[in-house]
Amino acid sequence: MTYYSGEDPKDSEKKHPSGAPIPALPSCVLPANGIYYWNHRIPQKLKTRHELLLQHRQPKKKAQVQGVKRFIMDHKWRFGGSNETISDKLLRDYRQEADRGALSDAEFHFLEVRGYAVQSYLYDLADTVALAQTETNGREFLHRLCFDGSHPDQYINEANALRVNRRTYKSHVSRPDILDHLRGFNVVGPVRDETGYYRFISFDLDRHHDIDPHLFAAYVMAVYAFLVKNLPTCAIVAQVNPKNGSTVFFCFFPSRRTYGQVHALVDWLDAKAKKEIAGYSTPEIYPVYGPGKVYLPFNPEKITLGESEVWPETKTKKSKMCNPMTVYSLADFPEYVRSAKKADATAIQQAILTACQQPMPKRMKNKKKRASYGKKKTPAGGMGIVPKFKGRFLQTMMDFFSGKIQPEDDTIGKYLTPWARAIAIVEDCRDVGELKDRLQRCIDLIPDTSFSDRLSDDPNELERVMDYTLEAIIKNNGYQRRPDESTRIFLKIKKFCDRIGFVPSDPDTWAVLDNHHTFQPDLRLVWTPELAVLVRELAPVLHCTMSQVKDFLKLFFAWVEATSETGYTKVAPLMEQVGIAGSNNNITAMFKIMKAQGFIEKVKNYGCFQDADGNVRRHANFYVNTAKVVFREQMDQEAADQPDTHIMYLLYLTFLSSDSCEYLLEYRRLIVEERFRRRIRGLYGYSWKRAA
């Protein structure tokens with residue numbers, strides 16, 4: 001499938017790259033409303049703006065739109081801004097309706113905003129003028145020549161990497177930017193696609209350090225004279241690397257060609273050049289020979305040559321992101337291609353000779369490796385530096401003992417020492433022998449011991465070293481630069497483990513760590529039209545589907561009903577549980593919409609106070625659900641077992657007008673006060689009034 005919609009009269013007899021003739025479009029009745037689909041035969045006099053651009057035409061200033069050309073894709077378009085996806089079955093149904101002419105404007109707009117459809121305005125050729133020589137037209141013309149839409153959504157950039165469907169903040173996937181290319185910010189180029197169409201070929205003649213400058217210049221000029229002679233209808237632009245003299249010739253066709261036609265032309269040119277040019281060897285010829293990708297001309301770091309020596313330059317306008325810059329001017333580029341002009345041969349030869357005078361960097365055979373300033377290696381046998389667990393100590397240690405992570409060589413002490421501290425403090429184990437036995441149970445779980453020489457080849461040495469370590473841990477949490485701070489951190493871990501039933505030395509209890517992060521609500525939310533509107537508003541804000549938002553609301557409202565305290569660290573796991581990114585931006589936007597629409601109310605602000613020991617402790621905001629949020633279990637028995645959603649909504653409206661709703665709201669206000677008091681006493685050790 002292609003995005004390119006221009007059809008030249010000469011293309012009617014062309015063949016597909018496979019060799020089969022291109023079938024003609026089926027005849028059908030022309031639409032009376034001026035809306036054409038991909039299966040309609042559009043009159044030759046009607047062209048889109050991009051089709052006119054490639055024909056060196058543009059609509060008049062007050063040209064009338066003669067129709068609309070619509071196309072429904074079989075996959076998400078690269079400029080679709082919505083995150084919602086449409087099933088293949090539904091997409092086929094819409095395409096069948098369009099084939100029959102029964103697709104409504106509303107249905108097409110539904111597909112368009114989700115990135116599955118596109119439309120372009122059609123203009124009459126009689127209502128057009130010659131293409132104006134402006135920078136905007138020239139840049140768009142170069143973009144359409146090189147990225148005409150028949151190639152897939154990938155291109156090379158200056159990092160020489162393929163970009164395939166990389167999402168940006170404002171489009172479904174990224175797209176090449178010609179202005180950034182001219183500025184040198186992101187030099188881009190097309191990628192070979194055997195099912196696509198091509199408007200140019202390029203010959204890349206590299207110069208190596210062992211080639212004489214004059215011989216290389218003579219060879220390049222011989223190739224250039226050969227191209228001028230055998231491609232009289234092609235416009236040729238030359239590009240010279242000022243550092244070494246390497247030259248690329250870009251040959252632009254007057255009309256598009258299939259990959260098969262380009263391949264046949266390149267094979268013919270290559271075979272003929274080997275007979276006529278002395279010392280000729282096949283260079284990189286895009287898109288046939290070589291890596292199948294090429295950087296576009298007009299790169300500011302290269303010398304681009306045209307009809308009048310060096311290509312003319314211009315200054316860009318000042319924008320919010322960039323000051324005015326000097327770039328190559330493309331105002332005359334469309335006319336250059338249309339007239340099949342050629343680069344000045346004398347200027348090319350002079351640019352090559354000047355560039356060849358630059359000294360080329362020599363390749364060092366035994367180049368000394370540059371020193372690394374990254375991770376410092378620790379000597380084998382030492383305990384080393386404890387890894388940075390970043391709040392995932394228990395999970396990291398579980399992954400280590402179960403073999404899910406592969407540690408660095410000779411780092412067994414980095415993991416056993418902190419785990420021994422955890423067993424000693426969390427399980428209150430003060431006997432060296434008992435601590436050694438519990439630690440050994442965990443060591444026996446390690447599936448692959450090849451990373452540690454002591455663990456695999458000399459366990460007695462490891463036992464001897466760990467005996468000293470365990471004695472120091474039992475004595476005063478030894479081998480620590482800040483033993484008091486370390487003990488305080490492990491005491492926090494002890495509270496957490498006691499609450500969820502996690503025992504460090506008992507692998508049978510490790511599963512509760514995963515179960516703890518999954519919240520399972522006990523209440524069933526009553527769905528109302530207001531909640532349906534909320535789902536549609538939150539989906540684009542949270543960058544997810546409406547079904548994910550619906551599952552998140554079930555968890556969120558049940559969490560508020562059960563705990564009231566709702567901080568960012570509490571909401572993020574709920575979002576990630578349903579597949580939504582739990583970023584601070586998403587959580588902030590979610591709270592803003594929910595509070596604005598009156599689904600939750602803030603009762604208590606977050607606090608930051610000192611406890612009895614002088615340590616700073618924090619608690620999050622306390623929220624309460626409003627009357628817009630009701631659960632089935634909070635209504636009568638009939639509502640709890642009601643399967644019909646319409647009857648359920650009527651019962652919900654009846655509940656809102658009853659005294660039971662007032663009792664529920666008052667209960668929520670009272671329970672949140674009690675939860676706040678308990679939270680303050682648990683954190684700071686004194687009454688909530690003193691904290692407030």
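This is a predicted model: local features need pLDDT of at least 70, side-chain atom pairs count only at pLDDT 80 or more; totals for chains, interfaces and linings use all residues.
Local features were considered at a pLDDT of at least 70 and side-chain atom pairs at pLDDT 80 or more, whereas totals for chains, interfaces and linings use all residues. Residues are numbered from 1 along each chain as its sequence is written, and side-chain values use heavy atoms, with hydrogens and water left out.

Helices (H or I, at least four residues) and strands (E, at least two) are DSSP runs, numbered from the N terminus. Strands of a sheet pair through backbone hydrogen bonds, either parallel or antiparallel. Two strands were taken as paired if DSSP finds at least two bridges between them. An open sheet with mixed pairing contains four strands in the order β1-β4-β5-β2. Its edge strands, each pairing on one side only, are β1 (35-36) and β2 (46-48). Three bridges join β2 to β5 (residues 117-124) in the antiparallel sense, and Y123 in β5 is the bridge partner of K47. Helix α3 (residues 105-113) lies across β1, β4 (67-72) and β5, at about 115° to β5; axes are lines fitted to C-alpha atoms, for helices over the stretch in contact (heavy atoms within 4.5 Å), and angles run from 0 to 180 degrees between N-to-C directions.

Strand β9 (residues 247-258) is largely enclosed by the rest of the structure, because 10 of its 12 residues are buried. Buried means under 20% relative accessible area, exposed over 50%, and partly exposed in between (1.4 Å probe, protein chains only). Strand β7 (residues 197-205) pairs with β9 in the antiparallel sense over eight bridges, with I201 opposite C251. Strand β8 (residues 235-240) is also antiparallel to β9, over six bridges, and A238 has F249 as its bridge partner. Six residues lie between the strands of the β8 and β9 hairpin, in which G245 takes a positive phi near 90°.

T316 is found in the loop between β13 (313-315) and β14 (326-328). With a relative accessible area of 6%, T316 is buried. Leaving aside residues up to four places away in sequence, T316 touches R139, L179, R183, N323, P324, M325 and V327. Its C-alpha atom is separated by 9.3 Å from that of S329, 13 residues apart along the chain.

Helix α22 (residues 645-656) includes L656, which counts as partly exposed at 30% relative accessibility.
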